[in-house]
Amino acid sequence: MATTATLAALTMAIGSAAAPAADPVVIQAVPPTPQVASTIVTGLTAPWGLAFLPDGSALVSERDSAQIKRIANGTATSVGTVPGVVPGGEGGLLGIAVAPTFATDRFVYAYFTASGDNRVVRMPFNTTLGTPQVIVSGIAKNTIHNGGRMAFGPDGLLYISTGDAGNSANSQNPNSLNGKILRVTPTGAAAPGNPTAGNRMYSLGHRNVQGLAWDGAGRLWASEFGQNTWDELNLIQAGRNYGWPTVEGRAGNPNFVDPITQWTTAEASPSGIAFASNTVWLAALRGQRLWAVPVNNGALDGTPVSFFNGQFGRLRLVTAAPDGSLWLLTNNTDGRGTPRAGDDRILRLTLGGTPPPPPPPPPPPPGGCTVRNDQNAWNTGFTSNFTITNNSTTAVNGWSLVFTLPAGQVITSTWNATYTPTSGQVTARNVSFNAMIPANGGTVSGFGFQATHTGNTAKPTSFTLNGTACTVQ
């Protein structure tokens with residue numbers, strides 16, 4: 001038997017032993033709650049793509065009519081029909097993009113299904129569409145899996161999503177344009193720095209990518225239709241293989257990249273995506289809801305949450321608007337949905353219950369403006385300080401200055417103005433204390449930014465103030 005002393009010693013030993021460490025507390029992000037602030041426009045027919053112009057208006061593609069419509073002041077006005085479009089099944093006029101150099105070259109890009117293939121064209125646009133020029137052709141077509149999403153990245157290059165066109169072997173063939181995300185120059189050539197020199201492929205192993213968006217650090221995200229089991233949200237890495245048709249969803253196979261998150265096909269059938277408030281927003285067609293996926297540093301940072309479940313029917317696209325809101329595009333008139341009165345429509349969402357911003361300021365009256373850009377450059381970066389002179393006879397109260405940074409330049413810090421995005425076509429907006437520019441030669445100055453570059457320190461060549469072209473000093 002243990003003596004009293006032995007029991008006491010044992011008790012002291014147990015009492016002095018270190019208590020087991022508590023599990024670390026993991027605080028996960030909660031996405032903000034989107035609220036419908038207004039209806040932008042109604043009466044669209046099978047809308048598919050949307051891209052913003054520098055003046056804040058938007059262009060929307062209609063899949064079956066082959067029309068592109070300009071959305072401004074609550075009205076949709078056709079600016080032209082894209083010739084050569086042959087709609088059928090999931091094919092037709094699909095994605096559109098506006099060049100980051102639009103202020104100087106006026107180019108708008110469209111992806112569409114033609115008689116023999118899917119292709120990408122670019123067209124000059126002023127008040128109407130000009131003659132299209134084919135820049136990429138030979139993307140196999142089918143009634144399903146035509147891909148079609150396009151967007152210019154922070155690097156000024158055009159990213160294009162293509163489907164496998166019903167032939168899954170295309171996705172693993174590096175010499176096929178199908179089942180890929182392509183990265184090309186504005187003229188359609190394979191982009192410099194692609195994983196394989198001279199090849200347009202940026203990533204492969206995709207079934208049917210329908211959404212592309214970049215986060216604040218320049219990481220590319222993509223949504224993808226699964227087959228029968230898993231739809232995916234992927235973080236895209238150059239040259240990597242995303243598994244289709246060998247795997248669908250998470251497989252843990254080191255040869256393939258697993259999705260950041262996945263859903264059953266009934267919950268999602270994901271289409272267009274956007275990034276805002278540390279969240280990837282994903283429009284779901286079959287799932288008829290808006291998914292919010294909190295992310296941090298390229299990884300999932302909480303539990304995905306859905307909004308508007310069934311409220312607006314099929315959702316084709318969500319995209320970030322220049323004013324910080326989200327535009328949500330319904331898709332109930334494409335033959336697979338149940339149209340409601342007013343469909344299809346664009347809804348304007350604000351996040352976290354924030355009130356809608358005031359309407360954009362009117363352009364300055366005739367008389368124009370002058371912009372001076374004082375730049376100080378070094379081997380890897382530069383600073384720019386701006387001065388705007390208002391040459392008109394009326395004061396400007398609230399301003400937006402639009403310009404395009406040359407390729408390779410990325411804004412890293414700012415002062416006395418807000419800048420969105422941080423590369424390509426940038427809009428600088430006043431802060432509260434410098435909104436007013438007096439008339440007759442009045443100026444606003446002392447705002448600017450610091451940026452990195454990859455060897456090109458050229459300055460922007462043109463500026464618009466509230467939509468009016470300025471003289472560059």
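This is a predicted model: local features need pLDDT of at least 70, side-chain atom pairs count only at pLDDT 80 or more; totals for chains, interfaces and linings use all residues.
Colleague: Let's move on to aspartate 164. Which side chain of opposite charge is nearest to aspartate 164?

Modeller: You can find aspartate 164 in the loop between strand 11 (158-161) and helix 3 (169-172). Aspartate 164 is buried and has no salt bridge. A salt bridge needs a nitrogen and an oxygen within 4 Å, and the nearest side chain of opposite charge is 4.9 Å away. That side chain belongs to arginine 207.

Colleague: With which side chain does aspartate 164 make a polar contact of 2.8 Å?

Modeller: Beyond its neighbours within four places in sequence, aspartate 164 is in contact with several residues, including Asn170, Ser171 and Asn178. The side chain of aspartate 164 makes a polar contact of 2.9 Å with the side chain of tryptophan 244. The polar contact of 2.8 Å is with the side chain of histidine 145.

Colleague: Which residue in strand 34 is the bridge partner of serine 413?

Modeller: Strand 34 (residues 442-452) runs antiparallel to strand 27 (residues 381-390), joined by ten bridges, and there phenylalanine 382 stands opposite alanine 451. Strand 30 (residues 410-415) also runs antiparallel to strand 34, with five bridges. The bridge partner of serine 413 in strand 34 is glutamine 450.

Colleague: How far apart in space are glycine 43 and alanine 341, C-alpha to C-alpha?

Modeller: Glycine 43 sits in the loop between strand 1 (34-41) and strand 2 (47-52). Leaving aside neighbours within four places in sequence, glycine 43 is in contact with Gly342, Asp343 and Asp344. In sequence, glycine 43 and alanine 341 are 298 residues apart. In space, their C-alpha separation is 8.7 Å.

Colleague: Why does glycine 43 count as partly exposed?

Modeller: Buried means under 20% relative accessible area and exposed means over 50%, with partly exposed in between. Glycine 43 counts as partly exposed because its relative accessible area is 45%.

Colleague: With which residue does arginine 70 form a salt bridge?

Modeller: Side chains of opposite charge can pair when their charged atoms come close. In this pair, the closest N and O atoms are 3.1 Å apart. Arginine 70 is in strand 4 (residues 67-72), and its partner, 15 residues apart, lies in the loop between strand 2 and strand 3 (58-62). That partner is aspartate 55.

Colleague: Which residues are linked with Arg314 in a network of salt bridges?

Modeller: The side chains of arginine 314 and aspartate 334 meet in a salt bridge of 2.9 Å, N to O. Aspartate 334 also forms a salt bridge with arginine 316, where the closest N and O atoms are 3.7 Å apart. Arginine 314 is buried at 9% relative accessibility, and arginine 316 is buried at 5%. The residues linked with Arg314 in the network are Arg316 and Asp334.

Terms used:
Residues are numbered from 1 along each chain as its sequence is written. Side-chain values use heavy atoms; hydrogens and water are left out. Helices (H or I, at least four residues) and strands (E, at least two) are DSSP runs, numbered from the N terminus. Buried means under 20% relative accessible area, exposed over 50%, partly exposed in between (1.4 Å probe, protein chains only). Lys and Arg count as positive and Asp and Glu as negative; His and the chain ends are not counted. A polar contact is a pair of N or O atoms within 3.5 Å; within protein, one must be able to donate a hydrogen and the other to accept it, and residues adjacent in sequence count only if both atoms are side-chain atoms. Contact means heavy atoms within 4.5 Å. Two strands pair if DSSP finds at least two bridges between them.
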